[in-house]
Structures are given as structure tokens and as C-alpha cells.
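Hello,

Here is the structure we spoke about, with the sequence alongside. My notes follow below it.

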Amino acid sequence: MIVARFDEVVHAPNRLKICAILSAVDTADFATVRDGLAVSDSVLSKHVALLQASGYVAVEKRFGGARRRTSLSLTSAGRRAFDEHVAALREITEGDARARK
Amino acid sequence: MESEWTANDGLAAVTGGRAWLARRLVAPCWYHPCLGVLAGGLVAVGEGRNGTLFAWAVVCYSIGCGVVMWVNQHRVGVSIRYFDRAMTSVFIAQVLCMALVAVAACWLEFTRGLHGAFLVAGLCEFMITVAFGHWSDRVLRQRIEALQS
């Protein structure tokens, strides 16, 4: 069961998008996530580092051909934090909708 | 700026991220036709009634499929658990259809002596591959967009 819990680390716009993309896949290339967010490498690196420091995202670097490829994945803690955060957002929006009625 | 980020904005970002991913996962226009040409070509080669030629066609088919899939995987840049129940159903239906066409071609060509059956079957395999490929894309896209958190 998912408990609604607001998470400041996840809530920032770019970090929420990163988690939304990673939650739907097993792993995603750094470049793919960057394209999804339409941000620069440095901006994505900053957010990924914060998510990694919080234990929400795992980063794996490997050599594929001539270039080094970095793949990102949500950890189980990250997946739980994201699910709980989205549940909290839903509670807020549903509460707002009820208050307006 | 981030403090003004509302719950509605957050949910919209989640939906938007998933929609973007679903679009990215959909195969490019060349993908299914390439696989279709490989599958169709493999069956059409049967018309030559030459075992060595067919063996080479199997090798070319295997390598060709591997290359096409690798290029698309490289383009997409994500790994995902592809086969859930819906995708498995589509895949099994595709394999059954293709097998049925191949068996029918063998029967018409070898038992009834109808020349050209493998060529027609090859064309059918191409169309089946493309049609089922687009169906798989649609199922995958719906799955990603419908993910609930």
C-alpha cells in the first residue's frame, strides 16, 4: 500500500520529471533523460547527483564502443519515494477540488 | 520558482514525462518495414527450393533482425520489461499467424505443386510483421501512459 508523503527532494520540477521517466523503465541512458527534460548535461548532472545522494537514483557508467555510456535507474527507495510523493500530490489536488465544490 | 510549483504542475509533469517516454518508445517508421522485409525475404527464398540458399537466408535474417533491433534500442536509450501479458498475447498471435502462412505456403508449393506460393507468403509475412509491429507499439504506448503511481 502506498502512503501519501510529500518529498522535497522529488518535488522539484526537473527531479520529478526524472523520476517520472525512470519509474516507467528499468534503466535509461543519461542522454535519453536529458532529451526528455530538454536540459543541458550539467543541469541534469546536478539533479541526478542530488537524487543519487538521497539514495533515490543509481548511476552506472560503462564503456560501450568508443564512448562511455551512463545509465540511470530508480532505486527501490526512489521508486517508493516517487510513488508516495505522487500520492501526496493527488491528495492535495483532490482536496482542492473538494474545497471548491 | 520551485516554491511556486503546485501539485497540479507536478502531476502534469509526471503525465508529460510519461507521454514523452511513450512517444520515444514507439518504433520509427523504418523499423517494422525492415523487419517485415527480412521475414518476407526469408519465406520467399523457399521458392528457390535450395537448402543451402535457405540456410544462408536464415543467417541473414538473424543478423539483420539483430542489427535492426540494436539500432532501435540504441536510439531509444532505455531498457524496459517489454513482455507483459498484453505484449505476450500480441507476440504469440503474430508468431501463430506467420507460422500459419508459412505452413500454408509449404502445403501449396510442395503438395499441390502451386508455384509462387512462397513469394505470395513472403508478401503476407511482410504485411503481418508490419501490422503486428504497429499493434505492439500501440499496446506499449498505452501501457506507459496508463501507469499509475
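Read from the N terminus, the elements of chain B come in the order α-α-α-β-α-α. That makes five helices and one strand in the secondary structure of the chain. Please keep in mind that this is a predicted model. The average pLDDT of chain B is 91, and 96% of its residues score at least 70. For the complex, the predictor gives an ipTM of 0.84 and a pTM of 0.82.

Overall form of chain B

The radius of gyration of chain B is 20 Å, whereas a compact globule of 149 residues would have one near 15 Å. Along the principal axes, the C-alpha atoms of chain B fill a box of roughly 75 × 25 × 20 Å. Buried residues account for 23% of the 149 residues in the chain. Of the contacts in chain B between residues at least 6 apart in sequence, 78% join residues that are at least 24 apart.

Helix H3 of chain B

H3(B) covers residues 51-76. Its 26 residues should span 38 Å at 1.5 Å a residue, and the end C-alpha atoms are 37 Å apart, which agrees.

Leu25(B) is part of helix H1, residues 7-25 of chain B. Apart from neighbours within four places in sequence, its contacts are Val76(B), Leu140(B), Arg141(B) and Ile144(B). For one of these, Leu140(B), the C-alpha atom is 7.9 Å from that of Leu25(B), although the two residues are 115 apart along the chain.

Where the chains meet

At the interface, 24 residues of chain A are in contact with 20 residues of chain B. On the chain A side, helix H2 (13-23), strand S1 (27-29), H3 and helix H5 (76-100) each supply at least two of the residues that touch chain B. H5(A) gives the largest share of that side, seven residues. By class, the side of chain A that touches chain B consists of 13 nonpolar, six polar and five charged residues.

S1(A) pairs with strand S1 of chain B, residues 78-79, in the antiparallel sense over two bridges. Within the pairing, Thr27(A) stands opposite Ser79(B).

Positive phi outside glycine

Two residues may be worth a look in your viewer. Ala38(A) has a positive phi, near 55°, though it is a residue other than glycine. Ala38(A) sits in the loop between helix H3 (30-37) and helix H4 (41-53) of chain A. It counts as exposed because it has 10 C-beta neighbours inside 10 Å, the limit for exposed being 12 or fewer.

In chain B, Arg49(B) is not a glycine either, and its phi is positive at about 50°. Arg49(B) is found in the loop between helix H2 (31-44) and helix H3 (51-76). With 11 C-beta neighbours inside 10 Å, Arg49(B) is likewise classed as exposed.

Regards

Conventions. Residues are numbered from 1 along each chain as its sequence is written. Chains are lettered from A and ligands numbered from 1 in the order in which they are written. This is a predicted model: local features need pLDDT of at least 70, side-chain atom pairs count only at pLDDT 80 or more; totals for chains, interfaces and linings use all residues. Helices (H or I, at least four residues) and strands (E, at least two) are DSSP runs, numbered from the N terminus. A residue is buried if 20 or more other C-beta atoms lie within 10 Å of its own, exposed if 12 or fewer, and partly exposed in between; C-beta atoms are placed from the backbone. Two residues are in contact if their C-beta atoms, placed from the backbone, lie within 7 Å. Ala, Val, Leu, Ile, Met, Phe, Trp, Tyr, Cys and Pro count as nonpolar, Asp, Glu, Lys and Arg as charged, and the others, Gly among them, as polar. Two strands pair if DSSP finds at least two bridges between them. pLDDT is the predictor's confidence in each residue, from 0 to 100. The expected span of a helix is 1.5 Å times one less than its number of residues. The radius of gyration is taken over C-alpha atoms; the globule rule is 2.2 Å times the number of residues to the power 0.38.
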